[in-house]
Amino acid sequence: MLDKIRVVLIGTSHPGNIGSAARAMKVMGLTNLVLVDPACEIDSHTIALAAGAADVVKNAKIVKTLDEAVADCGLVVGSSARSRTLEWPQLDPRENGIKVIAESEQHPVAILFGRERTGLTNEELQKCHCHVYIPANPEYSSLNLAMAVQTVTYEVRMAYLDATKHQSTAVVDEYPRADELERFYQHLEKVTSQTRFINKNHPGMVMVKLRRMFTRARPEQQELNILRGILSSVEKTIETLEKNNK
């Protein structure tokens, strides 16, 4: 299960933070590290702060985009502070650990951590199925990157130990991978633009709200196939009407 869980660091700006995050991961039994467009190089400082987790750093996969990092994942979780402007399904670290372990039996899972100063962007958060929020002291909630990784991965490990102890046989539904969801959203935007439900010049927040709705509903693989079939049917009808009008 732990082998299917990847920690994804986006736009990390300090090499030492990569090493410290790798150390936090390995302590909890996680070794799958992905770096998305890092703003620094892996150097001797990275290795020094990784301590005994230099292997995690050296085996880290480096990619240019978030889409590339999570394309094959059935569950994507973004670490985030609570937001009043972007309402999304929220989990605390314990709930997240249980969910991550349960789903890692079926498909790869990614846990995202953003830039040291600004975290994840709204666009990146919208690519997540849910957000994990650390309920720190509201009077002083400052956590550095490694602390956040340690807190979240600790709960993942606790859930893993509990699952192996009880040998859960619960069946997890088959969900589409992240790249399939992105193709669905692109298809949905294309069709809603063709039907003029969305104004290409002034799209507003319609797609954001549709993303949030489908994220909340979380369609299974067969359900997503049905939705794609409906969109394709609408496209064919539009093509037929356009031909008849010529």
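# Exercises on one predicted model

V57 counts as buried, at 3% relative accessibility (buried is under 20% relative accessible area, exposed over 50% and partly exposed in between, with a 1.4 Å probe and protein chains only). The model is predicted, so local features need pLDDT of at least 70 and side-chain atom pairs count only at pLDDT 80 or more, while totals for chains, interfaces and linings use all residues. Residues are numbered from 1 along each chain as its sequence is written, and side-chain values use heavy atoms, without hydrogens and water.

**Exercise 1.** Locate V57 and list what surrounds it.

Solution. 
- Step 1: V57 belongs to helix α3 (helices are DSSP runs of H or I with at least four residues, strands are E runs of at least two, and both are numbered from the N terminus).
- Step 2: Apart from neighbours within four places in sequence, V57 has contacts (heavy atoms within 4.5 Å) with I18, G19, A22, I42, T46, I47 and A50.
- Step 3: For T46, one of these partners, the C-alpha to C-alpha distance to V57 is 7.9 Å, at a separation of 11 residues in sequence.

**Exercise 2.** Describe the largest nonpolar core and the surroundings of V100.

Solution. 
- Step 1: A core is a set of buried Ala, Val, Leu, Ile, Met, Phe, Trp, Tyr and Cys residues joined through side-chain atoms within 4.5 Å.
- Step 2: The largest such core holds 35 residues, and I5, L9, L33, V100, F113 and V149 have the most contacts inside it.
- Step 3: Helix α7 (residues 145–166) contributes the most to this core, namely 7 residues.
- Step 4: Beyond four places in sequence, V100 touches I5, L75, V77, V109, I111 and V156.
- Step 5: There is also a second, separate core of 16 residues, which includes I10, V34, L112 and L120.

**Exercise 3.** State how the chain is divided into domains.

Solution. 
- Step 1: The domain assignment (automatic or from a database) gives domain 1 (2–167) and domain 2 (178–245).
- Step 2: Their C-alpha centres are 31 Å apart.
- Step 3: Domain 1 supplies 18 residues to the contact and domain 2 supplies 10 residues.

**Exercise 4.** Find the largest cavity and identify its lining.

Solution. 
- Step 1: On a 1 Å grid over the protein atoms alone, a cavity is a set of points where a 1.4 Å probe fits but cannot get out, and lining residues have an atom within 4 Å of a point.
- Step 2: Grid points are joined across faces, edges and corners, and a volume is the space filled by probe spheres set on the points.
- Step 3: The count is 1 cavity of 30 Å³ or more, and the volume of the largest is about 60 Å³.
- Step 4: Its lining consists of H129, Y175, P176, L181, Y185, F214, T215, R218 and P219.
- Step 5: The elements that give two or more residues to this lining are α8 and α9.

Terms used. 1 Å grid on protein atoms, 1.4 Å probe; cavity = no way out; pocket = protein on both sides within 12 Å on 5 of 7 lines; lining within 4 Å.
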